[in-house]
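Hi,

Here is the structure I promised to pass on.

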Amino acid sequence: QFEYEIGTMKNGGPKLYSVNLLYPLFSKNLPKKLPEDLPRIKCKVFTIPIKSITTEDINLVVGDLSNRSKHLWNSLQSQLDEKSSAADIKFLMDTKFKSNKSDAIYTLFLKPLINNHLLSNNYCDLNLDLEEEAKDNRIIDVLCHDHIPEEFKYFIMGYILRNLIELLKLDKIKKKNIAVFREAAQFMKVQDKTSENEDIVQIFRNRIIDVARYARSGLFLACDTQSPDEVKNMIDGSADLLAICEMPGAKDREELCLPLRRDHRMSPSQIRYISMMPVYQMLVVERLKKAILIK
């Protein structure tokens, strides 16, 4: 299929990396069998330790927490230890904190995760060990969204990003890590303000921007989008490396290319060429340098 698009290759094709497919344990959603192609492609179902979750993570499900919800979470954490499981949270909510069972943090966050068995203690064998995953740079970890409930997708991604940054600050993982996001417009779209969970999307967007700002600490973002016009605030001044493929939309070309044209980093002929560029070519713009065409 690759050769059909670009013509017969003189050398071997792209390297086949080993892949770990990561599935959060939402037990009510997961099928009995998950895709694997051993030994190269492995499937890993993971849980999340209760004590590793912060209010910043919970905001990605509930939105900004009320003082009552914050107090409930802090009280629960003080009652739990490293060996505590989801069953301990359920017991506390049925007894000591029974009056708080209508709080959003319990109904929207804790209760669904308890029912789906995602929460665990610190010693569960299924816990996601990002430090261990980051040791082998020959393996690509892919977070699979297929069976994650829509309301928890930002929580899972945000939890992983926050923990990677913390591991980097503590020098527990290597300084060369790339987080690849497909279709960044899903959370970086600037024009669409009609979403029901716009406040949650904004919280996740802020986390992405923070990660990008401190990328040189060792976690680099690689985001793609079909429309630069939709994510213009993400692009302006943020890209160390910008790869431009075929772009037939005039508005997209204008949004992306005119600033580069004004800075004499892209020529008018290059801008015109983007509208009909073959699939096996792209323009690459490195930070502070002029655009070059690669084949």
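Predicted model: local features only at pLDDT ≥ 70, side-chain atom pairs only at ≥ 80, totals over all residues.

Residues are numbered from 1 along each chain as its sequence is written, and side-chain values use heavy atoms, with hydrogens and water left out.

Helices and strands here are DSSP runs numbered from the N terminus (helices are H or I with at least four residues, strands are E with at least two).

Let's start with α5, residues 104-115. Its 12 residues reach 16 Å from the first C-alpha to the last, close to the 16 Å expected at 1.5 Å a residue (the expected span being 1.5 Å times one less than the number of residues). I105, Y106, F109, L110, P112, L113 and I114 are buried in α5, where buried means under 20% relative accessible area, exposed over 50% and partly exposed in between, with a 1.4 Å probe and protein chains only. The cover over those buried residues includes α2, α3, α4 (86-94), β4 and α7.

How do α3 (residues 67-79) and α5 cross? Their axes come within 9 Å and cross at roughly 55 degrees, which makes α3 oblique to α5. Axes are lines fitted to C-alpha atoms, for helices over the stretch in contact, and angles run from 0 to 180 degrees between N-to-C directions. Under 35 degrees counts as roughly parallel, over 145 as roughly antiparallel, 65 to 115 as roughly perpendicular, and the rest as oblique. On the α3 side the contact (heavy atoms within 4.5 Å) is made by S69, L72, W73 and L76, and on the α5 side by A104, I105 and L110. Those residues divide into 6 nonpolar, 1 polar and no charged. For the classes, Ala, Val, Leu, Ile, Met, Phe, Trp, Tyr, Cys and Pro are nonpolar, Asp, Glu, Lys and Arg are charged, and the others, Gly among them, are polar.

Just after α5, H117 takes a positive phi of about 65 degrees; H117 is in the loop between α5 and β4 (119-120).

N163 and P112 are 51 residues apart in sequence and 22 Å apart in space, C-alpha to C-alpha.

Now the sheet. It is open, with 3 strands in the order β8-β9-β10 and antiparallel pairing (strands pair if DSSP finds at least two bridges between them). β8 (241-244) and β10 (292-294) are at the edges with a single partner strand each, so one side of each has no neighbour in the sheet. The twist averages 30 degrees from one strand to the next. β9 (residues 282-286) pairs with β10 over 3 bridges, and V284 has I292 of β10 as its bridge partner.

L38 and P39 are joined by a cis peptide bond, with omega about 5 degrees; P39 is in the loop between β1 (18-24) and β2 (41-46). E183 has a positive phi of about 50 degrees although it is not a glycine. E183 is in the loop between β6 and α8 and counts as partly exposed at 29% relative accessibility.

Cheers
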